[in-house]
Amino acid sequence: AEPCYAETLDWMLCDGLAALGRPDGESLYLRLSTRPVDQSPWLAARVRLDAAQLRADVLAGGYRLVEPSSTRDTHVVIASCGAVLPEAVHAAAALEHEGVAATVIDLTSADRLYRQWRQSLRGASATGRHPARGEVHLAALIPPAERRSPIITVHDAASHALAWIGSVFGQRCLPVGVDGFGQSGAVVDVYRSFDMLPDQIVNAALVALE
């Protein structure tokens with residue numbers, strides 16, 4: 001799991017500890033950062049969303065952090081997690097200024113989302129039926145009206161780690177992430193080298209829209 005905000009970490013950690021006491025439970029690996037993160041986007045989502053449903057979404061692997069301010073003809077989905085999520089939020093605001101509606105999804109656990117999707121595919125393969133894509137949690141995160149929109153995945157890890165999300169509903173996906181290792185420096189300089197700054201994410205979104 002890779003929560004960005006303090007309360008999502010609290011919920012994920014408590015859920016992980018509870019799982020250790022269940023016969024079918026498993027361990028939880030948390031990928032965290034010491035980078036200070038502005039909590040205001042999370043607080044805004046807490047006001048907008050039902051508390052019980054929000055907690056269930058966080059534990060299921062993700063929730064809709066930022067909604068577009070208005071309906072527009074062009075729309076993108078930005079899926080991100082962890083310490084780089086603030087860059088995704090800033091990129092969404094910049095896209096709105098450019099006339100592009102942007103939804104930001106906080107992937108609190110890409111692993112839980114992937115395993116649920118993979119299980120649906122295995123079940124379909126075993127029974128010779130179409131996969132039940134409407135039953136996976138990503139179906140709630142990306143509703144039918146947004147399944148023609150391109151997805152930009154932003155992760156301060158290997159870019160291919162989230163690239164599979166585009167395959168769930170057949171959307172164009174442009175992954176942004178770390179494809180080389182060994183660099184050191186200030187966060188802004190390292191992020192710039194991997195195209196993870198807000199203006200670079202905006203450019204990736206515009207490319208995906210073409």
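Predicted model: local features only at pLDDT ≥ 70, side-chain atom pairs only at ≥ 80, totals over all residues.
Q: Why is Trp42 called buried?
A: Trp42 has a relative accessible area of 1%. Buried means under 20%, so Trp42 is classed as buried.

Q: Why is Trp11 called buried?
A: The relative accessible area of Trp11 is 10%. The cut-off is under 20%, and therefore Trp11 counts as buried.

Q: What makes the buried residues of H2 line one face of the helix?
A: The buried residues in helix H2 (residues 40–48) are Pro41, Trp42 and Ala45. Seen down the helix axis, they fall within an arc of 100 degrees, so they line one face of H2. The face turned away from this buried side carries the exposed residues Leu43 and Val47. Cover for the buried residues of H2 includes helix H1 (6–20), helix H3 (51–60), strand S1 (63–66) and helix H4 (85–97).

Q: Why is the pair of Tyr5 and Trp42 called stacked?
A: The ring centres of Tyr5 and Trp42 are 6.3 Å apart and their planes lie at 20 degrees. Rings pair if their centres lie within 6.5 Å, and planes under 30 degrees apart count as stacked; the pair is therefore stacked. It links distant parts of the chain, with Tyr5 in the segment before H1 and Trp42 in helix H2, 37 residues apart.

Q: Why is the pair of Trp11 and Trp42 called edge-to-face?
A: Trp11 and Trp42 are 5.6 Å centre to centre, with 75 degrees between the planes. Planes over 60 degrees apart count as edge-to-face, so this aromatic pair is edge-to-face. Trp11 in helix H1 and Trp42 in helix H2 are 31 residues apart.

Technical notes: Residues numbered from 1 in each chain as written. Heavy atoms only, no water. Buried < 20%, exposed > 50% of the residue type's maximum accessible area, 1.4 Å probe, protein only. Helix = DSSP H or I, 4+ residues; strand = E, 2+ residues; numbered from the N terminus. Arc of directions from axis to C-beta. Contact = heavy atoms within 4.5 Å. Phe/Tyr/Trp six-rings, centres within 6.5 Å; stacked < 30°, edge-to-face > 60°.
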